[in-house]
Amino acid sequence: MAAAVPMLALSPTMTEGTIAAWKYNEGDEIKRGAVLCEVETDKAVMDYEAGAQGTLLKIVAPAGTSVKVGDLIAVIGSKGEDISSILAQATASAAPAGSGPVPPVQALKTELLQSPTPQMSTPPSSTPNNSGTQTPIPQSQAPQEQQPFNGSPSVLGGPSPGKPAPVLQSGVAPSSPLARKLAQQAGLDLRMLQGSGPGGRIVKRDVSRYLESISSRSSKALGAETNKSQSGAYTVSTSEDTIVPVTRLRQTIARRLGESMREAPHFYLRMAIDMEHLINLRNAYNQARKDGFTVSFNAIFMKLAAMAIAKHPQVNSTWMGDHIQIHSRIDVALAVALEEGLVAPVVRDCAHKGIEEIERELRDLISRAKEGNLKPEDYEGATFTISNLGAWGVEEFTAIINPPGSAILALGAIKKEAVVHSNAQGEDSLVIRPMMRATLSSDHRTIDGAVAAAFMKDLAAIWEDPAKALF
Amino acid sequence: MAIMTYREALNRALDEEMARDPSVFLMGEEVAEYDGAYKVSKGLLAKYGPKRVIDTPITELGFTGIGVGAAQVGLRPVIEWMTHNFALLALDQVVNNAAKMRYMSGGRFKMPIVFRGPNGPAEYLAAQHSQSFASYWAHIPGLKVVAPAFPADAYGLLKSAIRDDDPVVVLEAEMLYGTSGEVPDAETLIPIGRANILKTGTDVSLISFSKPVRYCLDAALELEKEGISAEVIDLRSLRPLDMETLYHSVEKTNRAVVVDEAWPVASVGSHIAFIISHDRFDLLDAPVELVSSHDVPMPYNHQLELEVQPGVKKIMSAVKRVLYLE
């Protein structure tokens, strides 16, 4: 039986998505859970995992098309199957692009969270009759006129052989009764979930996994309070608490950094670096340029870090379980704070790029990150990462390694300090120097302490005298 | 515990009940001189004589009716149908007389009668002699219906059926007569209306009765190797149904696969699937699956004969569907 593949809400605020790329062609065999296509949401480019299994019979929305949540993007079924009814129905039910107001998702979510008895995020199943046959929505109840939660018939039809799986106009995939019940008990919005059942049906395991991911986060965050609540001092949650829905980005941050911290044995080396020469270098370059283009400290840091890494290839490696992969190319990521969370776009091959080129790429990446337009190839596969909190006046800090890299460099603010200086005659004097604390977090599985120390020694030497990078 | 066959267990139940109560008698085709078409009544004629072990002509409606009349006036007849295929001729006596007499007489007439014989697909018997009529009897208010899958249940349920004051249909299975199992040495009655949990599990409830129960057990063992924990429930009684046991299981597993070797339309299995879907809707993570025989007359070709019936592979596949693994 052929299954309609609808555009799903891949982020809680998404009302439509653009197909970035199809990973399969028509006629290809699709396994359930395979990444069918990439979808550009309002936030980022997301993988769309196939909820059905079979042959990709038809791509309805080619790459580059913008599709409203709930509308058909493809059909999966058995070879040679007649899918004309699915296609006809999709054409009939699809609202003309751009017409009608988008569902007030944000308002609904607020309402859900504040409602004393949370509404199900799926409207009550309102299959119009018991026989399971298809009853098309009358035109007068076309999607653009419908409010998702008003209880009117908002499914395309009950499940019946040969017909597409029901997709709710609100963009929520179908869900099992148990999944709905569990979600309701947990006060969970089903739109946060992606179903792994047939036709994208949200089933128990999807809810359980989501709740587990929440509890592993909150158990750490609430640890202290929970203990107090057991002693009866006060309870953990009050009605004034704000529940913040977890975005896909935040889920990713939680999962990746959690894994990194748990699996990679971190150790930390810190050095104070005299930044005078580097500051002078930057000022000289920026002033010499007549066109107003300037290079940032970060672009210089990335280049000079790459030059130090080139002398210590073990730092540019990945722990693979049964072997260590030493990367030939030095791909440096820079941690960038966005309102929604942290991203770390990557400038590839920093060792062979000039600082100006790095700067230009960095500007493009950061502006696209702020627009939510980063693609996986923009942030995946960093072999080394720099995190710079100097702008906030942070003196020094330690960072969590950004996999698959083995090391991350945490940079504090450049600050004038009194430093004891020894001249050639061995006479000490106090001088005022612009100093920066750099802390390297290393994965001990790939990098031993002495390797990291030798790397930091060279890094500091190059940063204090960038000309050393040439030797 | 003695090991005995399903056939011997039924014979022991008949023997014990006939010895215990002189009003119990056995009647049917070939039950006396020939010791029964399937040898369930072996030795009973010699022991209890021709007044209590009676060979009848090939007249199912007639001797079933005589049994109903005898029960009405105080005897406890056990009517053996050579198979349930032939019992179709006696439907009117069972449905309109045996099942209704107590109700229509305002409780003045009891109906302590047992109808028994092999039911369900066997082998190489083709369309007319290889079919399950469980739903024919389970459909009728006023009847009780049991379908033992093991010798101990066959023994204990037949004894309970003979002592019951209502008409009880016992669905035996031709393919099970020769199977062996432990039966308690001491006299034991299995109450009608109680299911039996053969194997506990956490991931899916496998619900069946009669012969396919054994397929469910085999499937559960195979599934265990794949890390899937199936609970296997033998209904034993089809009317009344032990829904509490089923509810309790589904509350734990959130998934049910019902296995019934009858056709899929209006079957005992489809009814159970409906009740679970209806009464435990909020606890289901997947639609209840029904593994039944195909909706066709039984083919004579042996490969096709096996293909149309439930089997271990079909059950495993249904389990994986409700677990969203397939």
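Let's start with two helices in chain B. The axes of helix H9 (residues 212-225) and helix H13 (residues 312-322) of chain B come within 9 Å and cross at roughly 55 degrees. Axes here are lines fitted to C-alpha atoms, for helices over the stretch in contact, with angles from 0 to 180 degrees between N-to-C directions. Helices (H or I, at least four residues) and strands (E, at least two) are DSSP runs, numbered from the N terminus.

A word on the source. This is a predicted model: local features need pLDDT of at least 70, side-chain atom pairs count only at pLDDT 80 or more, and totals for chains, interfaces and linings use all residues. Residues are numbered from 1 along each chain as its sequence is written, and chains are lettered from A and ligands numbered from 1 in the order in which they are written.

Back to the pair. H9(B) and H13(B) are therefore oblique to each other. The cut-offs: under 35 degrees is roughly parallel, over 145 roughly antiparallel, 65 to 115 roughly perpendicular, and the rest oblique. The crossing of H9(B) and H13(B) is right-handed; that is, the near helix is turned clockwise from the far one by less than a right angle, with anticlockwise being left-handed. From H9(B), B:Tyr215, B:Cys216, B:Asp218, B:Ala219, B:Glu222 and B:Leu223 meet B:Val312, B:Ile315, B:Met316 and B:Val319 of H13(B). Contact means C-beta atoms, placed from the backbone, within 7 Å. The residues of this contact of H9(B) with H13(B) are eight nonpolar, no polar and two charged.

Second pair. Helix H1 (residues 6-20) and helix H8 (residues 151-163) of chain B pack at about 30 degrees, axes 8 Å apart. H1(B) and H8(B) are therefore roughly parallel. Their crossing is right-handed. Residues of H1(B) in the contact include B:Tyr6, B:Leu10 and B:Leu14; those of H8(B) include B:Tyr155, B:Leu158 and B:Ile162.

Chain B overall. It has 13 helices and 14 strands. Of its 326 residues, 52% count as buried, meaning 20 or more other C-beta atoms within 10 Å of the residue's own; 12 or fewer is exposed, in between partly exposed.

Now chain A. Helix H8 (residues 297-311) of chain A has 15 residues and reaches 21 Å from first C-alpha to last, close to the 21 Å expected at 1.5 Å a residue. Twelve of the 15 residues of H8(A) are buried, so the helix is largely enclosed by the rest of the structure. Among them are A:Phe301, A:Lys303 and A:Leu304.

Note on methods
The expected span of a helix is 1.5 Å times one less than its number of residues. Two residues are in contact if their C-beta atoms, placed from the backbone, lie within 7 Å. Ala, Val, Leu, Ile, Met, Phe, Trp, Tyr, Cys and Pro count as nonpolar, Asp, Glu, Lys and Arg as charged, and the others, Gly among them, as polar.
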